[in-house]
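Please look through the sequence and the three-dimensional model below before reading on. The paragraphs after it are meant to be read with both in view.

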Amino acid sequence: MIANKDMYVLDFGDVRRSWYAYDAAIPIFHFMENNRHLSRLEQQQIYQNFTKLFFEGYAEETALSESQLKMIPKLLEYRLLYSFLFFNYSFKGREMSAKVKKHLEKMRSRIENEVPFLPVP
């Protein structure tokens, strides 16, 4: 995937179909996590652009209902918690790089302080 002249690799190792709304939330989560360094306004803009294009393509295979689309923000919050717990467990007893430690601490802080995953307009 290319965004803002940067290339991102989407990991299809975990690809499987489960609940379609959650399946759709996962790549959105990772795209947004990789753009946390942007301002809140820039995050809002890329979220709107990315999800518009993403769901246009997604709808070619599976159309989500309006109620499923409304679940996406909550599923993004869930994915933050899931990812934080997954990585903490995965690195348990192993040495973490300073970069990983810093990222996990930021995730912990966002969870504990109930920072909305999506930029609030």
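This is a predicted model: local features need pLDDT of at least 70, side-chain atom pairs count only at pLDDT 80 or more; totals for chains, interfaces and linings use all residues.

Residues are numbered from 1 along each chain as its sequence is written, and side-chain values use heavy atoms, with hydrogens and water left out.

The protein chain has 4 helices and 2 strands, where helices (H or I, at least four residues) and strands (E, at least two) are DSSP runs numbered from the N terminus. Read from the N terminus, the order of these elements is β-β-α-α-α-α. Of the contacts in the protein chain with a separation of 6 or more, 72% join residues 24 or more positions apart, a contact being heavy atoms within 4.5 Å. The chain has 121 residues, of which 34% count as buried; buried means under 20% relative accessible area, exposed over 50%, and partly exposed in between, with a 1.4 Å probe and protein chains only. The protein chain exposes about 8700 Å², and 57% of this area is supplied by carbon and sulfur atoms; the areas come from the Shrake-Rupley method with a 1.4 Å probe, and for residues only the protein chains shown count as cover.

Rings of Phe, Tyr and Trp (its six-membered ring) pair if their centres lie within 6.5 Å, and planes under 30 degrees apart count as stacked, over 60 as edge-to-face and the rest as tilted. By this rule the count is 10 aromatic pairs. One of them joins Phe 54 and Phe 55 edge-to-face, with 5.2 Å centre to centre and 80° between the planes, and both of these residues are buried. Tyr 22, Tyr 78, Tyr 82, Phe 86 and Phe 87 form one aromatic cluster. Within this group, Tyr 22 has its place in helix H1 and is buried, because its relative accessible area is 15%. Apart from neighbours within four places in sequence, Tyr 22 is in contact with Leu 75, Tyr 78, Arg 79 and Tyr 82.

Helix H1 also holds Phe 31, which counts as buried because its relative accessibility is 7%. Phe 31 and Phe 50 lie 19 residues apart in sequence, and their C-alpha atoms are 8.4 Å apart in space.

The second largest pocket has a volume of about 620 Å³. Of its 18 lining residues, Glu 33, Asn 34, Lys 99, His 103 and Met 107 are the closest to its centre. Helix H1 (20–33), helix H3 (66–90) and helix H4 (98–112) are the elements that give two or more residues to this lining, and the largest share, 8 residues, comes from H4.

Some single residues complete the picture. Glu 42, in helix H2 (residues 40–58), counts as partly exposed because its relative accessibility is 37%; Glu 42 and Pro 119 are 77 residues apart in sequence, yet 9.1 Å apart in space from C-alpha to C-alpha. Glu 114 is found in the segment after H4 and, at 69% relative accessibility, counts as exposed. Most residues other than glycine have a negative phi, whereas phi of Glu 114 is positive, near 50°.

Technical notes: On a 1 Å grid over the protein atoms alone, a cavity is a set of points where a 1.4 Å probe fits but cannot get out, and a pocket is an open set with protein on both sides within 12 Å along at least five of seven lines; lining residues have an atom within 4 Å of a point. Grid points are joined across faces, edges and corners, and a volume is the space filled by probe spheres set on the points.
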